[in-house]
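Reader: I have a few questions about this chain before I set anything up. Can we go through it together?

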Amino acid sequence: MKQPRQHWLVILIALIGILLPSRHALAADLPTGWEIHPVGDLSLGLPNSWQKIALTKPALQSATDEVKDTNPELARILQNLIDSNQYQILKFFAIEPASKQNINVAIVPVGVRLKPKDIVAVLAKQIIQNLPNATLVESKSNLVLNGMPAARVIYDLPVNRADGKPDVLRGFQYYLPVDTSIYIISITGDSSRAFRSLVEQIAGTVQPLSSIPASDGIAVVKSTGNVRAAPSTAAKIIDKISAKEKLTLIGKNKAGTWVKITTPRGKTGWSSVKLLNIDPAVLKQLKVVP
């Protein structure tokens, strides 16, 4: 079997700390106050208290500095990823500011179509090899997330808190083969039942992006155009969108002529509604945002 490239790095990425809620529900059934986030060909849901972090060195450095006092071990790992530029394998990163729990997604091209059972054994072994202090808690290769075969590994990693007292991080990694790539969703938190429930709830929102209708906060681009820093053709261009791309809807301007969106490249800005296939009822329901 051809092993996933850079799997050792993906395991390390898990320690960035990813926390997600738990129940295997369709994104259409997202709990109140949750938002959908597109990542590659998939989407996932998170509580709206979670903050998406731009995958740039300054943004990641800021997130690292925030956890230095509460979780120095996590901060050290994050800093190593930043200094070595290995963070560039990440496609999504979000953090819950109060708890410092966070989630990241890596997409690893492997060049062949794999099944979960082909992945889980290799990556579970890599966790132990690359994290000598880690303990494997659980390994499953027969999960199904909204019809998609998946695998999951759970592990514990002992760490020292800022006050010097010992603690344990619990990591959850979900592996989903999509065509000839592997999507790795990494979540780290504590070993409580509540945390595990949250992880499973978030994992249950993962589904193909193509299956989400616009009414669930996703709109499809109709015509190629510009994404601007403000709802005006005079505003600075911050990204370009192309036909058939899927965008996350955030809100609209007071006139309802522009919508605030997030592009597949993680850029948030404004698009004219004329560029999008968006149902008038959906546009009406969007909240007015600054």
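Reader: In the hairpin of strand 8 and strand 9, which residue takes a positive phi?
Author: Asp-179, with phi near 55°. The hairpin has two residues between the strands. Bear in mind that this is a predicted model.

Reader: How many bridges does the pairing of strand 8 and strand 9 run over?
Author: Nine bridges, in the antiparallel sense, with strand 9 covering residues 181-189. One of the facing pairs is Tyr-174 with Ile-185 in strand 9.

Reader: And how many bridges join strand 7 to strand 8?
Author: 10 bridges, and these strands run antiparallel. Strand 7 spans residues 148-160 and strand 8 spans residues 166-178. Val-159 has Asp-167 of strand 8 opposite it.

Reader: What order do the strands take in the open sheet of seven?
Author: The order is 3-4-5-9-8-7-6, with antiparallel pairing. At the edges are strand 3 (51-52) and strand 6 (135-145), each of which pairs on one side only.

Reader: What packs on that sheet?
Author: Helix 4 does, touching strand 6, strand 7, strand 8 and strand 9. The direction of helix 4 makes about 10° with that of strand 7.

Reader: What length does helix 4 reach from its first C-alpha to its last?
Author: It reaches 21 Å over 15 residues, 116-130, which is close to the 21 Å expected at 1.5 Å a residue. Several residues of helix 4 are buried, among them Ile-119, Val-120, Leu-123 and Ile-127. Pro-116 and Gln-126 are also buried.

Reader: How many bridges join strand 2 to strand 10?
Author: Two, and the strands run antiparallel, with strand 2 at residues 42-47. Ser-43 faces Gln-207 of strand 10.

Reader: Fine. Is His-37 buried or exposed?
Author: His-37 is buried, because its relative accessible area of 12% is under the 20% cut-off. Beyond its neighbours within four places in sequence, His-37 is in contact with Leu-42, Ser-43, Leu-44, Leu-46 and Phe-92.

Reader: What about helix 5, which residues there are buried?
Author: In helix 5, residues 193-203, they are Phe-195, Val-199, Gln-201, Ile-202 and Ala-203. The cover over the buried residues of helix 5 includes strand 1 and strand 2, along with strand 5 (102-109), strand 6, strand 8 and strand 9.

Reader: Last one, Ser-223. Where is it found?
Author: In the loop between strand 11 (218-221) and strand 12 (225-228).

Reader: Which residues is Ser-223 in contact with, leaving aside its neighbours within four places in sequence?
Author: Ile-241 and Leu-275. The C-alpha atoms of Ser-223 and Leu-276 are separated by 6.8 Å, with the two residues 53 apart along the chain.

How values were computed
Residues numbered from 1 in each chain as written. Predicted model: local features only at pLDDT ≥ 70, side-chain atom pairs only at ≥ 80, totals over all residues. Heavy atoms only, no water. Helix = DSSP H or I, 4+ residues; strand = E, 2+ residues; numbered from the N terminus. Contact = heavy atoms within 4.5 Å. Pairing = 2+ DSSP bridges. Expected span 1.5 Å × (residues − 1). Buried < 20%, exposed > 50% of the residue type's maximum accessible area, 1.4 Å probe, protein only. Axes fitted to C-alpha atoms, helices over the stretch in contact; angles between N-to-C directions.
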